[in-house]
Amino acid sequence: MHFIWSLIVGGVIGLIAGAITSRGAKMGIISNILAGLVGSALGEALLGHWGPHLAGMAIVPSIIGAVILVLIVSAIFGRSKNA
C-alpha cells in the first residue's frame, strides 16, 4: 500500500512542478510520477528532510527538487529542431 501512496504523491508533486514551470501540459501521467519521485529524491538529497511528510517524502524539498528536475530535463530535451 505504501508503494501506491508513493506513486500518487509522486504524481501530485510532478503535477505541481509542471504547473510551477509552465511545462505541465507537455508532461503525461508517467512523466509526472517520474518527475515527482526522482525530484523528491533530488530535493531531499540537496535540502534535507524538513517540512511536512507524506508517504515518506518531505513535501517542500520534493517540490523544489521536482521543479529543478523539470527545468533541467526541459532545457536538455525541450528544444525543437527549428529553434
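Is Lys-26 buried or exposed? Lys-26 is exposed, with a relative accessible area of 79%.

1. Basis of the note. The model is predicted; local features need pLDDT of at least 70, side-chain atom pairs count only at pLDDT 80 or more, and totals for chains, interfaces and linings use all residues. Residues are numbered from 1 along each chain as its sequence is written, and side-chain values use heavy atoms, with hydrogens and water left out.

2. Lys-26 belongs to the loop that joins helix 1 (2-21) to helix 2; helices (H or I, at least four residues) and strands (E, at least two) are DSSP runs, numbered from the N terminus. The word exposed stands for over 50% relative accessible area, buried for under 20%, and partly exposed for values in between (1.4 Å probe, protein chains only). Lys-26 and Ser-74 are 48 residues apart along the chain, and their C-alpha atoms are separated by 9.9 Å.

3. The nonpolar patch. Leu-46, Leu-47, Trp-50, Val-60, Ile-64, Ile-68, Ile-72, Val-73, Ile-76 and Phe-77 make a nonpolar surface patch of about 920 Å². Patches are made of residues with over 30% relative accessible area and no salt bridge, nonpolar side chains (Val, Leu, Ile, Met, Phe, Trp, Tyr) being joined within 5 Å and like charges within 9 Å. A salt bridge is a side-chain nitrogen of Lys or Arg within 4 Å of a carboxyl oxygen of Asp or Glu. Accessible areas come from the Shrake-Rupley method with a 1.4 Å probe, and for residues only the protein chains shown count as cover.

4. Where the patch comes from. Helix 2 (29-47) and helix 3 (59-77) each contribute at least two residues to the nonpolar patch. Helix 3 gives the largest share, 7 residues. One of the patch residues, Ile-68, has its place in helix 3 and is partly exposed, at a relative accessible area of 32%.

5. Helix 2 against helix 3. The axes of these two helices come within 6 Å and cross at roughly 115 degrees. Helix 2 is therefore roughly perpendicular to helix 3. Axes are lines fitted to C-alpha atoms, for helices over the stretch in contact, and angles run from 0 to 180 degrees between N-to-C directions. Angles under 35 degrees count as roughly parallel, over 145 as roughly antiparallel, 65 to 115 as roughly perpendicular and the rest as oblique. The crossing of helix 2 past helix 3 is right-handed; this applies if the near helix is turned clockwise from the far one by less than a right angle, and left-handed if anticlockwise.

6. Helix 1 against helix 3. Here the axes come within 8 Å and cross at roughly 55 degrees, which means that helix 1 is oblique to helix 3. Helix 1 also passes helix 3 in a right-handed crossing. Ile-8, in helix 1, is partly exposed, with a relative accessible area of 44%.

7. The strand region. Ala-55 sits in the loop between strand 1 (53-54) and strand 2 (57-58). Its phi is near 55 degrees, a positive value in a residue other than glycine. Most residues other than glycine have a negative phi. His-2 and Ala-55 are 53 residues apart in sequence, yet 6.8 Å apart in space, C-alpha to C-alpha. His-2 is placed in helix 1 and is exposed, with a relative accessible area of 52%. Leu-54, in strand 1, is partly exposed at 48% relative accessible area.
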